[in-house]
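Please go through this structure with the briefing below.

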Amino acid sequence: LCLPICVGTVSFWLGKKADEYHSHRWTVYVRSPVNEDLSPVVKKVVFHLHHSFDQPVREVLQQPFELTETGWGEFEITAVVHFVDEAAEEPFQMVHGLKLFHTNDQPLTTKKPVVNESYEELVFSEPTEVLYNRVVPVNSKPAPETSLLPHLPQHSDAPEFAKISAAREKVASLVAAIKQETPGGGADAAAANATAAMGAQPQVKVEN
């Protein structure tokens, strides 16, 4: 069972308002690559900032899973995704670099932010029935609006998402078939057997 997810940062130069220790305003976030609602699956996201920040460990309990701060330096941020209790899954950790400056020597401007986003596919090898039913539906509702949306990368790679949808439908068909063959096994066993039937999938990370 696969759940596509993105972690990223958007940083704005403060221009004339910048000082020695606060040159940028930045936001770190976790989101669906196609802006689907993650709340049926994700309970909260815990961000671990640089130790120099007051309260470097911050919890975000609802969408949008975003945290905004100001600063002057780049560093790595750890985002820990906690799933809903019914999923019975361990938290998933992602490490992402905060970028404040363009990589192509492009001059800083207060209007065009520096965006750095990574795409991940979270693979659940033995999903519970609750998790399976919340991830598989293709037509989920959109995520809550965020002011970052105009600046975020557009994941319009239709073939890749078509593959994900096709895989979801295949798993659903396999689960239905296995349920009929093993009436006493339950939905959890059926989902696990369907995943095994499709073959084990390693966890993959692709940076855009």
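The points below are grouped by topic.

This is a predicted model, in which local features need pLDDT of at least 70, side-chain atom pairs count only at pLDDT 80 or more, and totals for chains, interfaces and linings use all residues. Residues are numbered from 1 along each chain as its sequence is written, and side-chain values use heavy atoms, with hydrogens and water left out.

**Sheet and strands**

- An open sheet of 4 strands runs in the order β4-β3-β6-β7, with antiparallel pairing.
- β4 (57–60) and β7 (92–97) are the edge strands; each has a single partner strand, so one side of each lacks a neighbour in the sheet.
- From one strand to the next, the twist averages 20°. Axes are lines fitted to C-alpha atoms, for helices over the stretch in contact, and angles run from 0 to 180 degrees between N-to-C directions.
- Strands are DSSP runs (E, at least two residues), numbered from the N terminus. Two strands pair if DSSP finds at least two bridges between them.
- β3 and β6 (residues 76–83) run antiparallel and are joined by 6 bridges. V46 has V80 as its bridge partner in β6.
- β1 (residues 2–13) pairs with β8 in the antiparallel sense, over 10 bridges. In β8, S118 stands opposite V7.
- β8 (residues 114–123) is mostly covered, with 8 of its 10 residues buried. Buried means under 20% relative accessible area, exposed over 50%, and partly exposed in between (1.4 Å probe, protein chains only).

**Aromatic cluster**

- The structure holds 4 aromatic pairs. Rings of Phe, Tyr and Trp (its six-membered ring) pair if their centres lie within 6.5 Å; planes under 30 degrees apart count as stacked, over 60 as edge-to-face and the rest as tilted.
- W26 and F53 form an edge-to-face pair, at 6.0 Å centre to centre and 85° between the planes.
- W26 lies in strand β2 and F53 in the loop between β3 and β4, so this pair ties together parts 27 residues apart in sequence.
- W26 is buried, at a relative accessible area of 1%. F53 is buried too, at 15%.
- The ring centres of W26 and F75 are 5.9 Å apart with planes at 75°, so this pair is edge-to-face.
- W26 in strand β2 and F75 in the loop between β5 (65–71) and β6 are 49 residues apart, and the pair links these distant parts of the chain.
- F75 is buried, with a relative accessible area of 12%.
- One aromatic cluster is formed by W26, F53 and F75.

**D37**

- D37 sits in the loop between β2 (24–31) and β3 (42–48). D37 is buried, at 10% relative accessible area.
- Its side chain makes a polar contact of 2.8 Å with that of S39. Another, of 2.2 Å, joins the side chains of D37 and Q63.
- A polar contact is a pair of N or O atoms within 3.5 Å; within protein, one must be able to donate a hydrogen and the other to accept it, and residues adjacent in sequence count only if both atoms are side-chain atoms.
- Beyond neighbours within four places in sequence, D37 is in contact (heavy atoms within 4.5 Å) with Q63, K141, P142 and A143.

**K44**

- K44 belongs to strand β3 and is buried, at 17% relative accessible area.
- The side chains of K44 and E59 are joined by a polar contact of 3.0 Å.
- Neighbours within four places in sequence aside, K44 is in contact with residues including E59, F65 and V80.
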